Amino acid sequence: MNTIASSRAIALLSASLCCAAWGCGGPTQSGAGNCPRDAALRSLVGGDASVQIIGATATPEQLNNPMYASTLACEFNSITPENDMKWETIEPQRGVFHFDRADQIVAFAQSHQMAVRGHTLVWHEQLPDWVASVPAAAFRQMFIDHIYNEVFYFRGRVARWDVVNEAIADDGNGLRQTIFRDRLGPDYIALAFITANAADPAAELYINDYGAEGAGDKANELFRTVEALVHAGVPIHGVGLQMHIDTQYGVPWNYFEPVVGTRSPPEIAANIARFRALGLHVQITEMDVSIANLLGIDFTRFELQRAVYHDVVAVCVQNRSCTGITVWGLNDSASWLNSQLLIPQNALLFDDMFAPKPAYFGVQAALAGRP
Ligand code: XIL
């Protein structure tokens, strides 16, 4: 069975199991057939709303899980492949491209009227070893070829790309030291955007980072970097704020990310506003809210998590240039954060039975403009 046919089969299967699990005849506002909730998140975005995109991640294996697939298609109108558009998966050997896994995700999205956020073209992690052994004289062309081939292959099917991921140094002092910066100089970022734009002029192109969501040296350096790109006429359309946070608006305590800057809702709003002044969109691209470091009974912990999800999403809703929110996983045990330590982070919107948590209702209320 080819990939498109097999993902259609997944779609049909998931729609019928959705029916079996929740009964038929419910509202049908999403691409999945019958869905369990009237006010599905995707029914609250788009149209006149400023937020157009409500997304979540997926892998091909997760799409084979009928509950994952139906929840994704019922509630969300965008998918970010969690790993399958990264360099090590797409081009594991130089010049050898493997699009099959990403294709399964794109086909699922298309058959459920969902957009795809391409993640990510240039990142110093999940990068195959061969990249480091490319001779200096060939590096630039190799870099262009990777970006061009990936974007061109998905042209018209991937609406927006995280072109460059995590390029800013954590101390906010210039760009992160990566192989790309070392071999190509700081202009590698502009080159990446120009190449992606040439491959698909209709795609929205983003720079994406963590720890730059609100205030602080790293956020300021991201802003300066983006401002310089805009002033130089580089085709950049938006800024992705990852938003891996905890209930203190810090970073999850066991996440291997240094604590850089602060990200209270007013600080996030101010950051979005300065990017808007440059004419750029902002999207929250990888949101999760860890409660691993939060003591107390689950009721209280989940209520606090609901408040944080609500308040961050409300900032996006209230700022017209914030056009999208993506969560980094669907059900709690699927979160990448759990692999950092063996303590459950419970960072996402659904529990492991795919029942919506208070956090889900926080996002729903914020999208609807409610407290
Ligand atoms: C993570 C994935 O979720 C994991 O499955 C993988 O092992 C490592 O990468 N910032 C990013 C994402 O931009 O690509 C990362 O995704 C999470 C942090």
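Cys-316 and Cys-322 are both buried, where buried means under 20% relative accessible area, exposed over 50%, and partly exposed in between (1.4 Å probe, protein chains only). These two residues form a disulfide with their sulfur atoms 2.1 Å apart, a disulfide being a pair of cysteine sulfur atoms within 2.5 Å. The torsion about this S-S bond is -95°, and the link of Cys-316 and Cys-322 is left-handed. The model described here is predicted: local features need pLDDT of at least 70, side-chain atom pairs count only at pLDDT 80 or more, and totals for chains, interfaces and linings use all residues. Residues are numbered from 1 along each chain as its sequence is written, and side-chain values use heavy atoms, with hydrogens and water left out.

In total, the structure holds 2 disulfides. Besides the link already described, a disulfide joins Cys-35 to Cys-74, with an S to S distance of 2.0 Å. This pair links distant parts of the chain, 39 residues apart: Cys-35 sits in the loop between α1 (3-22) and β1 (53-58), and Cys-74 in helix α3 (residues 66-75). Helices (H or I, at least four residues) and strands (E, at least two) are DSSP runs, numbered from the N terminus. The disulfide of Cys-35 and Cys-74 is left-handed because the torsion about its S-S bond is about -90°. Cys-35 has 5% relative accessibility and so counts as buried; Cys-74, at 1%, counts as buried too.

The overall fold comes next. The chain contains 12 helices and 9 strands, and its C-alpha trace spans about 60 × 50 × 45 Å along the principal axes. With 371 residues, a compact globule would have a radius of gyration near 21 Å, and the 20 Å of the chain agrees with this. Here the radius of gyration is taken over C-alpha atoms, and the globule rule is 2.2 Å times the number of residues to the power 0.38. Of the 371 residues, 58% are buried. Contact means heavy atoms within 4.5 Å; among contacts between residues at least 6 apart in sequence, 75% join residues at least 24 apart.

Two residues in strands illustrate such contacts. Gln-283 lies in strand β8 (residues 281-290) and is buried, because its relative accessible area is 1%. Leaving aside neighbours within four places in sequence, the contacts of Gln-283 include Ile-53, Arg-117, Glu-204, Tyr-206 and Thr-323. By contrast in topic, a distance can also be given: the C-alpha atoms of Gln-283 and His-310, 27 residues apart along the chain, are separated by 16 Å. Thr-323 belongs to strand β9 (residues 322-327) and counts as buried at 8% relative accessibility. Not counting residues up to four places away in sequence, Thr-323 touches Ile-53, Tyr-206, Gln-283 and Cys-316, among others.

Grid points are joined across faces, edges and corners, and a volume is the space filled by probe spheres set on the points. The structure holds 1 cavity of 30 Å³ or more, and the largest cavity has a volume of about 40 Å³. Among the residues lining the largest cavity are Lys-86, Trp-87, Thr-120, Trp-123 and Glu-125. Strand β3 (residues 115-122) gives the largest share of this lining, 3 residues. The largest pocket has a volume of about 380 Å³. Of the 23 residues that line the largest pocket, the closest to its centre are Trp-123, Glu-125, Glu-166, Tyr-255 and Trp-336.

Finally, some backbone details deserve a look. Most residues other than glycine have a negative phi, and most peptide bonds are trans. A cis peptide bond joins His-119 and Thr-120, with omega about 0°, and Thr-120 is found in strand β3. Gln-113, which is not glycine, has a positive phi near 50°; this residue lies in the loop between α5 (100-111) and β3 and counts as exposed at 54% relative accessibility. Asn-346, also not a glycine, has a positive phi of about 45° and is placed in the loop between β9 and α12 (358-367).

Note on methods: On a 1 Å grid over the protein atoms alone, a cavity is a set of points where a 1.4 Å probe fits but cannot get out, and a pocket is an open set with protein on both sides within 12 Å along at least five of seven lines; lining residues have an atom within 4 Å of a point.
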